[in-house]
Amino acid sequence: MAGSVALPGDDALAAFLSFMAGERRASPRTIEAYGHAGRSYLGFLQRHRGEPITVGGLTRVTAGEMRAWLASRREGDHPLSSRSLSQALSAVRSFHRFLDLRLDAPCPAITLVKGPKVRPGPPRPVSEDQARGLILEAANDPMHDDWESLRDAAVLTLLWGCGLRISEALAITAGEAPFGDSLRIVGKGNKTRLAPVLPAVAAAVEAYRAAQPFVLEPDKPLFRSTRGGPLGPRKVQALMQNLRGRLGLSEKATPHALRHSFATHLLGA
């Protein structure tokens, strides 16, 4: 980190936004949201400390300072909602992860701060453009290895393109791939149904299978976590929470909402 400690915080933020736009091809809306949150964060720290903020200074940010910044966003002439605060915190966490991975400048405090509670409402179908945006954003996550991003995109494509529940998608075994024209799904009440497989769904799953680094035993789950164990439902729920924050979508954009969207978009087509 020796060469980066003196780098001004504004320059580090510019590098982060350039990375997001160039290497990760994040949407313009995401870049705008991340930039707004990052400038607010750096400005608060500079006022709070009374000194210019550098990368070295960002490694010393405390949990108390982060909470004070969040509190400041709740006040003033334009207070943020709980959902908007969660989105801003997500953006700042991504910024700090970039500093850690690219500039060797970790900040332990980011793991200690939780966002405000956002009360979920009933699932509501997302639009086709929103569903595509979620999948594209998952496929270009700046903080994941390429195979993990392809995995996330494949899971979301299954939820939307086949109308599956999270548990149904994660129960698919490696031996069931590559997919044919349909999938045999055992759902609630042990009821079996056939789910049609669109070419885009099959392609997304095959891209993940080709990139993932593990030996996939036929009778074991197809989707794996970072360390090779079965991917859990909470990871998928956290993925959706992160993505909707990055895209500015409602908290009602849940994995189950993607499943609802399947029927809506199928009827619309």
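How many residues does helix 4 have, and what distance does it reach from its first C-alpha to its last?

1. Helix 4 (residues 63–74) has twelve residues, and its end-to-end C-alpha reach is 17 Å. That is close to the 16 Å expected at 1.5 Å a residue. The model is predicted, and these values are computed from it.

2. The buried residues of helix 4 are A63, E65, M66, W69, L70 and R73. Their packing partners are helix 2 (28–49) and helix 5 (82–103). An α-helix has 3.6 residues a turn, so residues three or four places apart point the same way.

3. Helix 7 (residues 146–161) packs on helix 9 (residues 199–211) at about 155 degrees, the axes being 8 Å apart. Because angles over 145 degrees count as roughly antiparallel, helix 7 is roughly antiparallel to helix 9. The crossing of the pair is left-handed.

4. On the helix 7 side, the contact is made by W147, L150, R151, A154, T157, L158 and G161. Helix 9 contributes A200, V201, A204, V205, A207, Y208 and A211. By class, the contact residues are eleven nonpolar, two polar and one charged.

5. The peptide bond between A177 and P178 is cis, with omega about 0 degrees. P178 sits in the loop between helix 8 (166–170) and strand 1 (182–186).

6. D104 has a positive phi, near 50 degrees, and is a residue other than glycine. D104 belongs to the loop between helix 5 and helix 6 (128–139). Its relative accessible area is 48%, so D104 is partly exposed.

Terms used: Residues numbered from 1 in each chain as written. Predicted model: local features only at pLDDT ≥ 70, side-chain atom pairs only at ≥ 80, totals over all residues. Heavy atoms only, no water. Axes fitted to C-alpha atoms, helices over the stretch in contact; angles between N-to-C directions. Helix = DSSP H or I, 4+ residues; strand = E, 2+ residues; numbered from the N terminus. Parallel < 35°, antiparallel > 145°, perpendicular 65-115°, else oblique. Left-handed = near helix turned anticlockwise from the far one by under 90°. Contact = heavy atoms within 4.5 Å. Nonpolar A, V, L, I, M, F, W, Y, C, P; charged D, E, K, R; others polar. Expected span 1.5 Å × (residues − 1). Buried < 20%, exposed > 50% of the residue type's maximum accessible area, 1.4 Å probe, protein only.
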